[in-house]
Amino acid sequence: MNAFEIRGGKPLKGEIIPQGAKNEALQILSAVLLTPEKVTISNIPDIKDVNKLIELLGDLGVEVNRLSKDTYEFTAANINLEFFQSQTFKAKGGSLRGSIMIVGPLLARFGKAAIPKPGGDKIGRRRLDTHFLGFEKLGAKFIYNAETNFFNVDATELKGTFILLDEASVTGTANIVMAAVLAKGTTTIYNAACEPYLQQLCKMLNRMGAKITGIGSNLLTIEGVEALGGTEHRLLPDMIEIGSFIGLAAMTESEITIKNVCYQELGIIPDVFKRLGIKMELRGDDIFIPAQKSYEIDTFIDGSILTVADAPWPGFTPDLLSIVLVVATQAKGSVLIHQKMFESRLFFVDKLIDMGAQIILCDPHRATVIGLDKKYQLKGIEMTSPDIRAGVSLLIAALSASGRSTIYNIEQIERGYQDIDTRLRALGADIRRI
């Protein structure tokens, strides 16, 4: 098992460029299946989950050409639908939760699809009902085989309809949109997710010839078309990396400039970190974070303890709550972290408590953090990364801690963060792979 060894407690300095957005990449890459024409995608992050999906597309028959480190051409002219029944597909598809995203495009274009029960982070129950209920509304039929763990879906003719989503699922909305763009008639999706990554997908599909209106709202209207063509698309920078680097700068008293952040697409993310007392400046499209000896958590207007909670966009993304929690451990003041959307993402706080943090885990969804105001430095320990986001949060804690920390199971971190140790070393971090 690979591990990171970190000797923390030293300030960092320099510029860092966020990678392309992983969550957008999984949607956009799946959309290449909607057309036999060439689609060029740039700013693709070189991370395991994305690379697995690209490999899966190649196995399905998509012609994949890598033009540069972050730019690929995809041509899905000759798709091998028999690949669905292979053990290779079961193994590769089952190990990547993002593989569910290929179902919508395949149903739209070919009328059938199959998918092994996807894997992914152990961060609580993330059901797939929204995807399949949407497909059913469009006219698809599916059967789950418990013995083989396969979902088989048949949709010889998809027809537009009104769909009220039971939850504003980002991947569910994206999957249904991709199925609906080639369906006969008009589809209306209410309670649709409206994250920037979903907006990016809809804009790309429109450039390919789709007719989608309501982009950026929770009410999408899709008028089905006969066929889609090729296009070019550039992924947004990853907002989760940007938030992680803001937290890293504050925790390590570092002066860091985060380059090319597409600030207008970050929503309330910068404001949440500002409420933790973190100073930052927008310089062009870069975020500059000065070195801070201390930062103080805001309170509500009546003086009560601040609560930071996740919510569907434009609320605060759940992927950054663990970063906020870690940053709060060294702030002045207290904050209640309320993880509403997942039930197991706070289960890494025991490691932070072992490092010296003052945290009360109230229940699976809530934790109260009592900031140390940097009067007591966290101390290095050995720990294991339980999932991508918690892993990076522990990495940030280790970089701020005194002494040596070792983080095992870093494969989880590398599923979401490209060359993270190399990029941190460029800022002056003492981190090495063992």
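How far is the sulfur of Cys 194 from the closest cysteine sulfur, and which residue holds that sulfur? The legends below begin with this point. The structure is a predicted model, in which local features need pLDDT of at least 70, side-chain atom pairs count only at pLDDT 80 or more, and totals for chains, interfaces and linings use all residues. Residues are numbered from 1 along each chain as its sequence is written, and side-chain values use heavy atoms, with hydrogens and water left out.

**View 1. Cysteines without a disulfide.** A disulfide is a covalent bond between the sulfur atoms of two cysteines. Here the term is applied to a pair of cysteine sulfur atoms within 2.5 Å, and the count by this rule is zero. The sulfur of Cys 194 lies 11 Å from the closest cysteine sulfur, that of Cys 202, which is too far for a bond. For Cys 262 the closest cysteine sulfur is also in Cys 202, at 18 Å, again too far for a bond. Cys 194 has 9% relative accessibility and counts as buried (buried: under 20% relative accessible area; exposed: over 50%; partly exposed: in between; 1.4 Å probe, protein chains only).

View 2. Strands (E, at least two residues) and helices (H or I, at least four) are DSSP runs numbered from the N terminus, and two strands pair if DSSP finds at least two bridges between them. The three strands form an open sheet in the order 6-8-7, with antiparallel pairing. Strand 6 (112-116) and strand 7 (141-145) each have a single partner strand, so one side of each is left without a neighbour in the sheet. The twist from one strand to the next averages 15 degrees (axes are lines fitted to C-alpha atoms, for helices over the stretch in contact; angles run from 0 to 180 degrees between N-to-C directions). Strand 7 is joined to strand 8 (residues 150-154) by five bridges; Phe 142 has Val 153 in strand 8 as its bridge partner.

**View 3. Surroundings of Ser 244.** Ser 244 belongs to helix 8 (residues 239-251). With a relative accessible area of 2%, Ser 244 is buried. Leaving aside residues up to four places away in sequence, Ser 244 touches Leu 320, Ile 323, Val 392, Ile 396 and Tyr 417 (contact: heavy atoms within 4.5 Å).
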